[in-house]
Number of protein chains: 2
Amino acid sequence: MASLARLSLNLATTRLRWGAIEAIEGAARAGLRAVAPWRDLVAKDGLEATAKAIRDNGLGVSSLCRGGMFAAADAAGRQAAIDDNRRAVDEATALGARSLVLVVGGLAQGSKDIAGARAMVADGLAAVLPHARAAAIPLAIEPLHPMYAADRACINTLAQALDLCDSLGEGVGVVVDVYHLWWDPDLEARIERAGKRRLLGFHVSDWLVPTTDLLLDRGMIGDGVIDIPRIRGWMEAAGYDGAIEIEIFSAENWWKRDPDEVVAICKERFETAV
Amino acid sequence: MASLARLSLNLATTRLRWGAIEAIEGAARAGLRAVAPWRDLVAKDGLEATAKAIRDNGLGVSSLCRGGMFAAADAAGRQAAIDDNRRAVDEATALGARSLVLVVGGLAQGSKDIAGARAMVADGLAAVLPHARAAAIPLAIEPLHPMYAADRACINTLAQALDLCDSLGEGVGVVVDVYHLWWDPDLEARIERAGKRRLLGFHVSDWLVPTTDLLLDRGMIGDGVIDIPRIRGWMEAAGYDGAIEIEIFSAENWWKRDPDEVVAICKERFETAV
């Protein structure tokens, strides 16, 4: 069983009903030790006010979600993405986040060139990395499920993400999200390849059968078919002992419920399903 | 440009409005040379009557869809699947099909053990293979998109399918369906690894952005983001010169239209989008 002290509430889980500060206070009320805020929620409540709420409530920040979205149809668009990622690094610093999660982006608008998009991602990461290194904010590449390859992230396996890490050097690692990677027949070997140094985050939710929406129908841990404890075991065998973020996009179910109840259920399930 | 003579109508494309024999006649009316029937449609119209319609209309049968679905919670269920696949081989023989397409099945009911499901698939294939070899019906493993890993097919990459082929020996190969595999960063190398002998089929449709349903929202070729000509080039570089099946699951769009019009559009698009 994973210690409850490792549970971090990814604020996507309560985002429909709780803003950043509300969620920080809710997490603290529930006795959690950490949260993972999203930039849009932070922007709404204000960066300084959010950072203060985190400090006042004595919480850690397991990560800031998210930078990325590097592919664009023209050079100005790509530069704007790089600039935005640099700002995201600064926000991560202000919040005391342990890493900046990157959802790298899909195809450029109007393009069918996925290899080209992947090259833009590599270039964008390389451009942001010096700033991230200087700030000591690790960049955490999150490989997304292949069903998001077109519109959210063209990095779709842990192997791909690790190849990128190999080419970029220090200051970059990966997030393992069971929802995105559970199907990969080589997942255990790839987590081992990543190793402690590059394993920057671990996200849990569950794959429902049936799944009714590609984006917003993730399940509460334990309600789906992912063998989460097995994957957690692989993470720990590779040396990962950091936060375990619960991140559930669920427009028709969990997002609609009382967020205090959702957090309570996250805590309960964490002890049986992770 | 691919020759129109290679276009085969996979009867999934017209399945809401056309039964097997209607679709065979419709394909012939449109001047197509081949079809790929589904077993449930064939069962409704009768195996002998369907085979006669194919002969009377002078069509080839690029494949029969589909066997598979090997994982089951108990031995009786697994044996039933094997028996059903043997019958599917016999039906492929009766129809003169060039291969039997296998959608191998997802997790066993109530299970979270995807490695176990994959082992059941390997065992099921090995049990069916002698009958298929005797009938000279190649078994064509179709790796399905990872979003189907839980409920339709736990073989999700071409590499996985080829590893299975390596372990099983002669009489088994793969189907490359662009919808399932377009995102794979190693697709070109994996098609090359498959080689002419094991490339038993090539299916085309398109990935729409956004995609509104995991199963029934595939796009007409040319309407999505898949670079189909590039993947066709990889297939041909590896020696594949067989049928190109158009297979579109589209409950809210193409399935509702006049099937003669759908087939006409398939023909037009085949010359520009494949």
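Visitor: What do I need to know before reading the values?
Guide: This is a predicted model, where local features need pLDDT of at least 70 and side-chain atom pairs count only at pLDDT 80 or more, while totals for chains, interfaces and linings use all residues. Residues are numbered from 1 along each chain as its sequence is written, chains are lettered from A and ligands numbered from 1 in the order written, and side-chain values use heavy atoms, leaving out hydrogens and water.

Visitor: OK, interface. How many residues of chain B are in contact with chain A?

Guide: 28 residues of chain B touch 28 residues of chain A, with contact meaning heavy atoms within 4.5 Å.

Visitor: And how much area do they bury between them?
Guide: About 2300 Å², with 69% of it on carbon and sulfur atoms. Buried area here is the accessible area (1.4 Å probe) that two parts lose on being put together, summed over both.

Visitor: Which residues in chain B lose the most area to chain A?
Guide: Lys112(B), Trp183(B) and Leu214(B), which together account for 26% of what that side buries.

Visitor: How many salt bridges does the rule find across the interface?
Guide: Zero between chain B and chain A, taking a salt bridge as a side-chain nitrogen of Lys or Arg within 4 Å of a carboxyl oxygen of Asp or Glu. Four residue pairs are in polar contact there, both residues at pLDDT 80 or more. A polar contact is a pair of N or O atoms within 3.5 Å; within protein, one must be able to donate a hydrogen and the other to accept it, and residues adjacent in sequence count only if both atoms are side-chain atoms. The side of chain B that touches chain A has 14 nonpolar, seven polar and seven charged residues. For those classes, Ala, Val, Leu, Ile, Met, Phe, Trp, Tyr, Cys and Pro are nonpolar, Asp, Glu, Lys and Arg are charged, and the others, Gly among them, are polar.

Visitor: How many salt bridges over all chains, then?
Guide: The whole structure has 46. One example joins the side chains of Asp83(A) and Arg86(A), at 3.7 Å, N to O. Those two are three residues apart in helix α4 (residues 75-95) of chain A, so about one helical turn separates them. Helices (H or I, at least four residues) and strands (E, at least two) are DSSP runs, numbered from the N terminus.

Visitor: Switching to packing: at what angle do α1 and α3 of chain A cross?
Guide: Helix α1 (residues 20-29) and helix α3 (residues 47-56) of chain A cross at roughly 5°, and their axes come within 9 Å. So α1(A) is roughly parallel to α3(A), the label for angles under 35 degrees. Axes are lines fitted to C-alpha atoms, for helices over the stretch in contact, with angles from 0 to 180 degrees between N-to-C directions.

Visitor: Which residues make that contact?
Guide: Ala20(A), Ile21(A) and Ile24(A) from α1(A), and Ala49(A), Thr50(A), Ala53(A) and Ile54(A) from α3(A). That's six nonpolar, one polar and no charged residues.

Visitor: Now the backbone. Which peptide bond in chain A is cis?
Guide: Val209(A) to Pro210(A) is cis, omega near -5°. Pro210(A) sits in the loop between β8 (199-204) and α9 (228-237) of chain A.

Visitor: And where is Met69(A)?
Guide: Met69(A) is in the loop between β4 (64-68) and α4 of chain A. Its phi is positive, about 55°, although it is not a glycine.

Methods
Angles under 35 degrees count as roughly parallel, over 145 as roughly antiparallel, 65 to 115 as roughly perpendicular and the rest as oblique.
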